[in-house]
Amino acid sequence: MYLKHRFQSIRHAVRMLLVTIGVGLCVGTTYAAEEKKSALDGQKTRKVPSMSEAVYKKLAEAEEAVNAKDFATALQVVNRALERGTRSMNGNEVGALYNMLGFINYSQEKYPQAIDAYKKVIAQGDQIPEGLETGTLYTVAQLSFVLDRYDDALRYMETWLSKANNPGPEPHIFMGQVYYQKKDFRKAIVQVEKGINKAKERGTLVKENWWTLLRYLYYQQENWPKVLEILEVLVKQFPKREYWIGLAGIHGQEGNEKEQLWAMEAAYTAGFLTQETDLTNLAGLLMQAEVPYRAAKVLSKGMKDGVIESKTSNLRSLGQAWQLSQETDEAIPVFENAASKADDGKIYDRLSILYLDSDQYDKCIASADRALKKGGLRKPQATNLVKGMCLFNQNKFTASRRAFSSCRDKARSSKDETNQRVCSQWITFIDSEVKRREELAKAI
């Protein structure tokens, strides 16, 4: 019979709207199948008037035309039957004809006309089989949703729920989606949670898109504890990058720094952090947690794998991580690469300090000069201080004194009392050392 069929001409928009909430469009079942199901469920079937052979033949004729996709003929057959007058027909016959009319219109994607026909099916009340009534109620609710008639969709679904025997979770999820479209997030949450709880009670799968809908609804209400609770479920049952990133993000927003880092580390270990921002964010969190060596490893591997671009900012971060890890030999080549690409002298400034610490005085002096030449330094006097120290360690007292003098002058002009004092002390010390050595040479 035609009522068994699923229609293959469902418009893509209809399918997408309903599939997103895990609800399929209901278009009914045959009377015989419904009677059989009711008997199996132990339900008392409704006694309805019998159908005349004449009406049955018209339905069969229309069904044959529909199967051949000759909708014009099918429509003509049904309309002629209805035009002859429904007064001589019982409610079961009228309902069957309008049900066929609804089917024909639905098959042609004429949804408003289909709804009108299906409403006339429902209007027959106790004269039609219970299965046809409830199936049609469900169909009208869903088609109303497709046409943005949200109040109608809710009304018909509520009527369906009042008549259905032990309904499953899907109708509540459907109603949640309708309330969501109406921007009534509170009622939407109530319905979606009802659907999820029913699924749990039945021991059936709670679908991923039900959880994501509920997460969105709580997100709109800024109920962060609930959002976190749902994300915890999603990362366990449906692990994906977006859920791990979302979980870490909300923890960070709420100031749960440890939980944020744990979430990102778990996602990294599981291989879900596949984008540059994922890895750089993780490295940043590790740096904040004072785990620079781990941050350096994450950044280094990301660059090696081609996920993280070897641009100045990323190289600077890697160099800093190695430096804070006291891995100077690892930090220096990274900073050298970064410095050559930078628009200012800040990285050369940092390099000069590393070269000083590792007793590479020639490179220290060269890096300090490059830093001063490129400019953009917050405290050029500090760069001159480092340069002066490297020169001093090479016993180049005259050049060293010039560097310290430049440091002192720049510090004085910028009111940097600390560096002014330190560089002045170095100048005094150099003058004293030069005098000491001169006197020592005379004595010899």
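I'll start with Cys364 and Cys390, which are joined by a disulfide (cysteine sulfur atoms within 2.5 Å), with an S to S distance of 1.9 Å. This is a predicted model, where local features need pLDDT of at least 70 and side-chain atom pairs pLDDT 80 or more, while totals for chains, interfaces and linings use all residues. Residues are numbered from 1 along each chain as its sequence is written, and side-chain values use heavy atoms, without hydrogens and water.

The Cys364 and Cys390 link is right-handed, with 85° about the S-S bond. Cys364 sits in helix H20 (residues 361–374) and Cys390 in helix H21, 26 residues apart; helices here are DSSP runs of H or I, at least four residues, numbered from the N terminus. Both cysteines are buried, meaning under 20% relative accessible area with a 1.4 Å probe, protein chains only.

The whole structure has 2 disulfides. The other entry on my list joins Cys407 to Cys423, S to S 1.9 Å. Its torsion about the S-S bond is about 70°, so this disulfide is right-handed. Cys407 lies in helix H22 and Cys423 in helix H23 (residues 417–443), so the pair ties together parts 16 residues apart in sequence. Both Cys407 and Cys423 are buried. In sequence order, the bonded cysteines pair 1-2, 3-4.

Now the helices. H21 (residues 380–393) and H22 (residues 397–413) pack at about 165°, axes 8 Å apart; axes are lines fitted to C-alpha atoms over the stretch in contact, and angles run from 0 to 180 degrees between N-to-C directions. That makes H21 roughly antiparallel to H22, the term for angles over 145 degrees.

Methods:
Helix = DSSP H or I, 4+ residues; strand = E, 2+ residues; numbered from the N terminus. Parallel < 35°, antiparallel > 145°, perpendicular 65-115°, else oblique. Buried < 20%, exposed > 50% of the residue type's maximum accessible area, 1.4 Å probe, protein only.
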